[in-house]
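Work through the exercises below with the structure open. Each task is followed by a solution in steps.

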Amino acid sequence: MAKYPPPEELIKINYTTPVKSWMDSKTAFKPGNFSYPGKPDILKYLGMPNPREWNPMDDDWKLPPDWQRIVMEKFREKLKKYRSFKIFMDVCVRCGACADKCHFFIGGGDPKNMPVLRAELLRSIYRGEFSAAAKVLGKLAGARKLEEDVIKEWFMYFYQCTECRRCSLFCPYGIDTAEITMMARELLHEVGCNINWILEPAANCNRTGNHLGIQPHAYKDMMDFLCDDIEEITGRRVRPNVNKKGCEILFITPSGDIFADPGIYTYMGYLILFDYLGLDVTWSTYASEGGNFGLFTSDKMMKKLNAKMYAEAKRLGAKWILGGECGHMWRVINQYMLTMNGPADFMETPVSPVTGTRFDAAAGTKMLHICEFTADLIKNGKLKLDPSRNDNFVSTYHDSCNTARGMGLFEEPRYILKNVCRQFYEMPENTIREQTFCCGGGAGLNNEEFTETRLRGGLPRGNAVKYVRDRHGVNNLACICAIDRATLPPLCDYWAPGVGVSGVHELVGNALILDGEKKRTTDLRQNPLPGMEDEEE
Amino acid sequence: MAAFYSLLAVLALIVIPWLGAGMGMGALFGIVLPYIAIIVFMVGFVLRIVDWAKSPVPFCIPTTGGQQKSLPWIENSPWDNPSDKKGVFMRMVFEVLTFRSLFRNTSVKLQQEGPKVGYSSEKSLWLFALIFHYCFLVILIRHLRFFLAPVPWAVHVTEFFDSILQIGLPVMYQTDALILLGLFFLFARRVFDGKVRYISLMQDYFPLLLILGIALTGIWMRYVVKVDVIAVKELAMGLVTLHPHLPKEAIDPSVYAHLTLVCALFIYFPFSKLMHMGGVFLSPTRVLPNMSRRAMWVNPWNDPSIKPHSYEAYEDDFREKMIEAGLPVDKQA
């Protein structure tokens with residue numbers, strides 16, 4: 001267990017800025033504020049530059065001899081490839097509207113976590129190396145030379161950004177720090193500065209089909225285990241298809257949900273729903289990952305990992321793909337997938353076999369979000385639900401950054417929640433929907449060694465949860481993201497003790513009345529249902 | 001320090017033409033410089049836009065600020081999360097004309113008891129930015145009276161409304177006062193708000209002080225020395241009609257100072273952050289519709305050689321185990 005200060009100490013945050021220029025402050029690495037570097041064998045497997053053992057706390061980062069030339073060449077290339085990058089380097093007026101929108105700044109007070117300054121870390125080099133006038137004026141004009149300390153600063157702060165895009169919503173020009181962070185991380189890869197928590201899952205995903213490195217037989221074992229639990233709870237045996245050819249639908253969801261509590265209950269919710277509907281659907285072990293840590297690595301890696309979805313749909317002959325609850329997975333599907341790996345014209349526009357609804361919103365990708373699918377089922381009265389089974393939960397809903405600001409999926413999950421539970425309260429309006437706050441662990445930062453910074457970054461979310469806990473007795477934070485299900489439980493324990501975390505389809509699984517089910521006495525977590533506390537097995 | 005140097009630069013831009021005009025260099029500041037300025041501005045502006053436009057937009061990455069268009073019974077936000085060009089047009093209209101994103105601005109307050117993190121609406125930046133930009137626009141339109149003959153109807157209307165309060169003689173334009181208010185606020189924010197001061201550079205102070213200089217010399221000319229407007233128009237019309245000449249009646253040197261500051265602004269514009277005026281129309285997070293799941297967005301440099309780790313290779317890796325677990329395989333062992 002990592003060591004970090006208690007909430008009453010961590011909350012003493014100083015927002016005042018130093019007198020000295022930010023260019024004169026040195027980056028201090030200490031346990032808890034950075035993630036461990038990529039391991040050499042992982043870098044070698046992925047074919048990435050400069051694999052070596054190194055430690056951010058050491059003075060010598062073992063950069064390649066001509067690292068400056070490498071970085072500047074890549075910088076120039078990125079400016080040529082991305083209009084976004086060029087515009088975002090040029091048009092910022094430093095109005096400061098974004099300054100207090102970042103969760104890491106709110107929870108930590110480090111001025112370099114103000115989105116504008118995070119971008120200036122790159123802009124200062126852009127000016128110092130490409131603009132003659134700025135070169136002459138130097139620091140006055142925010143220009144500086146590329147030195148080793150700059151690389152260290154980049155590594156610190158571009159791995160303290162979760163690419164949540166909250167700042168981009170408030171920026172008058174839409175400057176998107178996620179985009180800038182992606183560029184910076186790609187520059188850092190060129191000299192071998194990256195973090196293992198992103199690269200190892202990416203490597204695993206390439207070989208085994210999922211971030212966790214679960215091999216096919218183990219995946220099937222874990223699935224059977226969850227099916228056993230479902231049988232014990234509901235009395236029904238669900239028999240999911242795996243890697244089966246000729247099914248109408250291929251279902252893909254993050255692997256985190258088959259692996260750990262509380263994601264497994266959401267996974268059970270999917271299994272129960274598909275069985276209830278008698279859906280012609282198959283799971284895949286080859287494409288057993290919805291998420292994509294390539295998004296946090298490089299455009300190439302993102303494309304390579306994402307390509308499995310269409311490849312598997314084609315191999316199995318599926319008509320369309322249904323996607324599970326996940327945040328960044330849906331940014332990739334909504335904004336990148338078809339561009340990278342389309343067209344997907346070997347499939348058909350998703351049509352619900354239960355309601356007949358045609359989902360034109362997914363006409364291009366042929367990939368539907370499970371919340372869109374389930375909301376349509378409920379709207380058409382196709383689900384027999386008993387929301388009282390969720391009466392032990394007083395729920396609120398956390399919008400994932402990516403489904404919020406990279407898609408706009410707000411109403412579908414709320415509609416489902418309001419139909420499967422009877423007690424639902426929203427958090428304050430500045431902390432939900434398009435203004436939602438990150439869990440503190442997005443963009444590949446959900447690792448153990450980074451916990452202190454994650455808890456700091458989680459302050460705005462944690463405090464909003466605490467607000468509804470104190471006001472309405474909320475004890476359950478529902479979400480549609482596998483990373484959230486890993487990061488929010490410790491966050492709630494820290495900032496809002498007593499609040500648990502669930503997926504939306506876990507609550508669907510609880511409420512769904514199955515044909516021929518036995519008398520349900522527990523929920524999917526095997527906790528007694530309301531009024532069943534005294535029932536014995 | 002950056003603010004101080006900016007101030008010195010602006011003062012120099014006032015003093016040099018003021019003295020220069022008196023020393024018979026009127027033609028330099030009144031004719032040569034304006035032509036240089038307008039050419040640099042136009043060429044620079046176009047080149048900058050072309051340079052941006054040359055970089056492709058590989059991915060469709062709008063920042064979505066409202067409900068997507070999905071199921072017909074779910075109300076979507078057509079302007080904050082546009083699904084088509086019409087929606088984007090409306091989003092940009094609100095962004096450019098009303099500074100919609102800035103209107104959302106909030107300010108964080110941390111309360112140690114509780115603890116409680118609160119967010120309050122913070123509209124002052126939005127308000128004063130809006131005041132400044134609109135006043136600048138109105139003043140620009142009013143100045144067309146010097147460059148056009150006959151003076152268009154729209155300019156008369158603008159002048160009429162801008163002076164509707166009928167204060168003083170010559171009658172005061174409200175925008176002259178308001179633009180000062182806007183500029184002072186924006187400048188004070190940079191100096192007194194610690195966060196903004198920390199991020200401010202010379203190129204943030206300089207244009208503010210430059211425009212402040214333009215406004216103050218303008219006010220000086222109109223309300224204090226009351227310059228010969230007929231002569232100024234003669235100079236301006238000469239420039240516009242490409243028959244430049246200095247008017248016979250001597251013009252107050254403040255006119256040259258004012259003109260030089262404006263020229264400095266025009267020359268500086270294409271090389272500076274002031275290009276946000278053009279950039280906002282090219283910002284991929286604002287001007288793209290959220291449509292890339294519905295239809296294909298094409299990336300010109302998409303690399304088709306990037307393939308996934310193939311299923312065949314995957315099965316080769318795990319075939320025995322898959323067969324043992326009862327999973328279907330394409331090739332038997």
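**Exercise 1.** Find which strands of chain A helix α17 lies across, and at what angle it runs to β5(A).

Solution. In this predicted model, helix α17 of chain A covers residues 370-379.

**Exercise 2.** Give the strand order of the open sheet in chain A, and state which strands are at its edges.

Solution. Step one: the sheet has five strands, in the order β1-β3-β2-β4-β5 (chain A), and the pairing is parallel. Step two: β1 (241-242) and β5 (367-369) of chain A each pair on one side only, which marks them as the edge strands. Step three: take one pair from within this order. Strand β2 (residues 249-252) and strand β3 (residues 281-283) of chain A run parallel and are joined by three bridges. Within that pair, A:Leu250 has A:Thr282 of β3(A) as its bridge partner. In general, the strands of a sheet pair through backbone hydrogen bonds.

**Exercise 3.** Check the length of helix α5 of chain B against the value of 1.5 Å a residue, then list its buried residues and what covers them.

Solution. Helix α5 of chain B has 24 residues (124-147), so at 1.5 Å a residue it should span 34 Å. The end C-alpha atoms are 35 Å apart, which agrees. The buried residues of α5(B) are B:Leu125, B:Trp126, B:Ala129, B:Phe132, B:Cys135 and B:Val138. Residues three or four places apart on an α-helix point the same way, because there are 3.6 residues a turn. The cover over the buried residues of α5(B) includes α4 (100-103), α6 (153-162) and α7 (174-192) of chain B.

**Exercise 4.** How many residues of each chain are in contact across the two chains, and which helix of chain B gives the most?

Solution. The contact involves 83 residues of chain B and 95 residues of chain A. On the chain B side, helix α14 (residues 311-324) gives the most, with seven residues. That side has 44 nonpolar, 26 polar and 13 charged residues.

Definitions and conventions: Residues numbered from 1 in each chain as written. Chains lettered and ligands numbered in written order. Predicted model: local features only at pLDDT ≥ 70, side-chain atom pairs only at ≥ 80, totals over all residues. Contact = placed C-beta atoms within 7 Å. Helix = DSSP H or I, 4+ residues; strand = E, 2+ residues; numbered from the N terminus. Nonpolar A, V, L, I, M, F, W, Y, C, P; charged D, E, K, R; others polar. Expected span 1.5 Å × (residues − 1). Buried ≥ 20, exposed ≤ 12 C-beta atoms within 10 Å, placed from the backbone. Pairing = 2+ DSSP bridges. Axes fitted to C-alpha atoms, helices over the stretch in contact; angles between N-to-C directions.
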